[in-house]
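Visitor: Could you walk me through reading a protein model, one feature at a time? I would like the general idea and then the case at hand.

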Amino acid sequence: MNGLVMKSTGSWYDVLTDGGEVLPCRLRGQFRIHGIKSTNPVVVGDHVTVEREADGTATIVGIETRRNYIERKSTNLSKISHVIAANIDVCFLMVTLKEPRTSLGFIDRFLVSAEGFRIPVCLVFNKMDLYDDKELAVVERLSALYEQAGYETLRTSAKTGLGIEELHQRMTGKVSLFSGHSGTGKSALIHCIDPSLDIRVGEISKQHLKGRHTTTFAEMFPIADGYMMDTPGIKEFGLIQYSKEEVRDYFPEIRAYNNQCRFDNCIHWHEPDCAVRQAVAEGRIAESRYMNYLSILTDDDMKVADWQLE
């Protein structure tokens, strides 16, 4: 039988078969060691082949080639990466200015991972009801910054209903991934779109102003004539090792200048007559994006740029 992985707890998987049945599945042991370079060989969104067992469960015996996926560096040193989800049409990355605060370094690293497969990303500036005038001005600046780079943005609030209908429309007919730090409100937004979904909505830790993990495993839900993927909150987004040419190509606004430099192999760092550095100097490329590009290029966290309220 063929099916779609709807839920992953790490050891068990819920698979929606082509016949409409949801089967609890285990993974055939060979996938844990053969050719797998990530901590999780099967993820939500995977198309798989399963064989039914006598006890009513099933075993995943095959995985179709993924058309795309989002991955980050694994904390498990014996593996290369951790795949968040696969076969995605659009990503909605939750961004909050406080409770908790999302850094530009986190945003830009997530965008680089998505650009590896040219997966569209919409930055969702959430919890708009919490912000004062100064913070609203920051949202304006960040929205303009990322729209200039070629990304869509959206402003939402589960409390006031701001942007919920527009978010719903953007999800219709697509496989949508929701991601971000714990506590940025993705589960609350999803609950606004479809209150019937069994999604836990958590609170912010008042001591640390950080989100508590309410989504503890990845799960996919049928919604809006498509599917919605809810994933556990991400504390940090470390990137796997990319070549310098890949990093250069994974910033759309930098990629646009690749053929305008003096040298064809220019990586836009210290080469003479660099069109990208000139564009940064003239404000056509945001300095924060360029600084984060250099941070990823040189694997140097000291170069990370971030937004300021001032």
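Guide: Gladly; let us begin with a turn. S2 and S3 form a hairpin with four residues between them, and Gly20 in that turn has a positive phi of about 90 degrees. The names follow DSSP: helices (H or I, at least four residues) and strands (E, at least two) are runs numbered from the N terminus. This is a predicted model, where local features need pLDDT of at least 70 and side-chain atom pairs count only at pLDDT 80 or more, while totals for chains, interfaces and linings use all residues. Residues are numbered from 1 along each chain as its sequence is written, and side-chain values use heavy atoms, with hydrogens and water left out.

Visitor: In what sense do S2 and strand S3 pair, and over how many bridges?

Guide: Two strands pair if DSSP finds at least two bridges between them. S2 and S3 (residues 22-27) run in the antiparallel sense, with four bridges. One to look up is Leu16, whose bridge partner in S3 is Val22.

Visitor: What does S2 do with strand S1?

Guide: S1 (residues 2-8) and S2 also pair in the antiparallel sense, over five bridges. There, Lys7 has Asp14 of S2 as its bridge partner. The hairpin of S1 and S2 has four residues between the strands, and Gly10 takes a positive phi near 105 degrees.

Visitor: How many residues of strand S2 are buried?

Guide: In general, the side chains of a regular strand alternate between the two faces of the sheet. Burial is judged by relative accessible area: buried means under 20%, exposed over 50%, and partly exposed in between, with a 1.4 Å probe and protein chains only. In S2 (residues 13-17), four of the five residues are buried, so the strand is largely enclosed by the rest of the structure.

Visitor: What do the numbers for the whole chain look like?

Guide: The secondary structure comes to eight helices and 15 strands. Of the 310 residues in the chain, 52% are buried. The accessible surface is about 14900 Å², 48% of it belonging to carbon and sulfur atoms; the areas come from the Shrake-Rupley method with a 1.4 Å probe, and for residues only the protein chains shown count as cover. As for contacts (heavy atoms within 4.5 Å), take those in the chain with a separation of 6 or more: residues 24 or more positions apart account for 63% of them.

Visitor: Is helix H4 mostly covered or mostly open, and which residues are buried?

Guide: H4 (residues 186-193) is mostly covered, with six of its eight residues buried. They are Lys186, Ser187, Ala188, Leu189, Ile190 and Ile193. Their cover includes strand S8 (90-95), strand S9 (121-125), H3, strand S11 (175-179), strand S14 (218-223) and strand S15 (226-230).

Visitor: How many salt bridges are there?

Guide: Side chains of opposite charge can pair when their charged atoms come close. The rule asks for a side-chain nitrogen of Lys or Arg within 4 Å of a carboxyl oxygen of Asp or Glu, and the count comes to 16 salt bridges. One of them joins Asp55 to Arg26, with the closest N and O atoms 3.7 Å apart. Asp55 lies in the loop between strand S4 (47-52) and strand S5 (58-63) and Arg26 in strand S3, so the pair ties together parts that are 29 residues apart in sequence. Asp55 is exposed, at 54% relative accessible area, and Arg26 is partly exposed at 36%.

Visitor: Which residues are linked in a network of salt bridges?

Guide: Asp108, Glu253 and Arg289 are. Another salt bridge pairs Arg170 with Glu152, the closest N and O atoms being 3.1 Å apart. Arg170 lies in helix H3 (residues 164-171) and Glu152 in strand S10 (residues 152-155), so the pair ties together parts that are 18 residues apart in sequence.

Visitor: Is Glu271 buried or exposed?

Guide: Glu271 is buried, with a relative accessible area of 13%, in the loop between helix H6 (252-255) and helix H7 (275-281). Leaving aside neighbours within four places in sequence, Glu271 is in contact with Phe263, Cys266 and Arg277. A polar atom of the Glu271 side chain lies 2.9 Å from the backbone nitrogen of Trp269, and one lies 3.3 Å from the backbone nitrogen of His268.

Conventions. A polar contact is a pair of N or O atoms within 3.5 Å; within protein, one must be able to donate a hydrogen and the other to accept it, and residues adjacent in sequence count only if both atoms are side-chain atoms.
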